[in-house]
Amino acid sequence: MHCLRCGRCCLHLDIFIVNPSSILADGSIDAADQEAMIIKPAGKKCPHLAQQLLHPQEGEVSIAVCTIHHLHCYRGTPCEQFEQLGPEDAVCVMSRYLRDLDEE
Ligand code: SF4
Ligand code: SF4
């Protein structure tokens, strides 16, 4: 699935995320830590979501960045599984649906 980096799923979905305070210095989590995963409720911005400015010739563009995407603790999370939904070469269909929710 091709992610458009809109960040809407990181705002609109109920999803289990890695607890920011459970991330160890090496980017992993302790398997015995029972609070390592917490629920991020729909409508609440994920604490791991950031915006990054790009500077294409036609003007400044902001894209969503997951700040733990590269860390070991991200592997196997619902977010990683979500990114794998749908055909590998297809654009994310959730983005447009969630944008419509923004506009309601
Ligand atoms: S809604 Fe889709 S396109 Fe937008 S950030 Fe999430 S996965 Fe990417
Ligand atoms: S952990 Fe990353 S991908 Fe998952 S909701 Fe938060 S910012 Fe989005």
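Trainee: Which residues surround ligand 1?

Mentor: Ligand 1 is surrounded by Cys3, Leu4, Arg5, Cys6, Gly7, Arg8, Cys9, Ala64, Cys92, Met94, Ser95 and Leu98. Each is listed because its C-beta atom, placed from the backbone, lies within 6 Å of the ligand. Keep in mind that this is a predicted model, where local features need pLDDT of at least 70, side-chain atom pairs count only at pLDDT 80 or more, and totals for chains, interfaces and linings use all residues. Residues are numbered from 1 along each chain as its sequence is written, while chains are lettered from A and ligands numbered from 1 in the order in which they are written.

Trainee: How do the residues of that shell around ligand 1 divide into nonpolar, polar and charged?

Mentor: Eight are nonpolar, two polar and two charged. The rule is that Ala, Val, Leu, Ile, Met, Phe, Trp, Tyr, Cys and Pro count as nonpolar, Asp, Glu, Lys and Arg as charged, and the others, Gly among them, as polar. Helix α3 (residues 94-103) gives the largest share of this shell, three residues.

Trainee: What makes a stretch a helix or a strand, and how many of each does the protein chain have?

Mentor: Both are DSSP runs, numbered from the N terminus: helices are H or I with at least four residues, strands are E with at least two. By that rule the protein chain comes to three helices and four strands, in the pattern α-β-β-β-β-α-α along the sequence.

Trainee: Back to Arg5: why is Arg5 called partly exposed?

Mentor: Count its neighbours: buried takes 20 or more other C-beta atoms within 10 Å of its own, exposed takes 12 or fewer, and partly exposed is in between, with C-beta atoms placed from the backbone. Arg5 has 16 inside 10 Å, so partly exposed it is. Arg5 sits in the segment before α1, and has a positive phi of about 60° despite not being a glycine.

Trainee: And ligand 2, what is around that?

Mentor: Cys10, Ile15, Ile17, Cys46, His48, Leu49, Cys66, Ile68 and Cys79 are the residues around ligand 2. Eight of this shell are nonpolar, one is polar and none is charged.

Trainee: Why does His48 count as partly exposed?

Mentor: His48 has 19 C-beta neighbours inside 10 Å, so His48 lands in the partly exposed class. You'll find His48 in the loop between β2 (37-40) and β3 (49-54).

Trainee: Which residues is His48 in contact with, beyond its neighbours within four places in sequence?

Mentor: Those are Ile17, Cys66, Thr67 and Ile68. A contact means two C-beta atoms, placed from the backbone, within 7 Å. Ile23, under the same exclusion of neighbours within four places, is in contact with Val18, Ile29, Leu71 and Cys73.

Trainee: What makes up the largest nonpolar core?

Mentor: Nine residues: Cys9, Cys10, Ile17, Val18, Ile23, Ile29, Cys46, Cys73 and Cys79.

Trainee: Last one: why is Ile38 called partly exposed?

Mentor: Ile38 has 14 C-beta neighbours inside 10 Å, so the partly exposed label applies. Ile38 belongs to strand β2. Ile38 and Val18 are 20 residues apart in sequence, but their C-alpha atoms are 6.3 Å apart in space.

Conventions. Core = buried A, V, L, I, M, F, W, Y, C linked by C-beta atoms within 7 Å.
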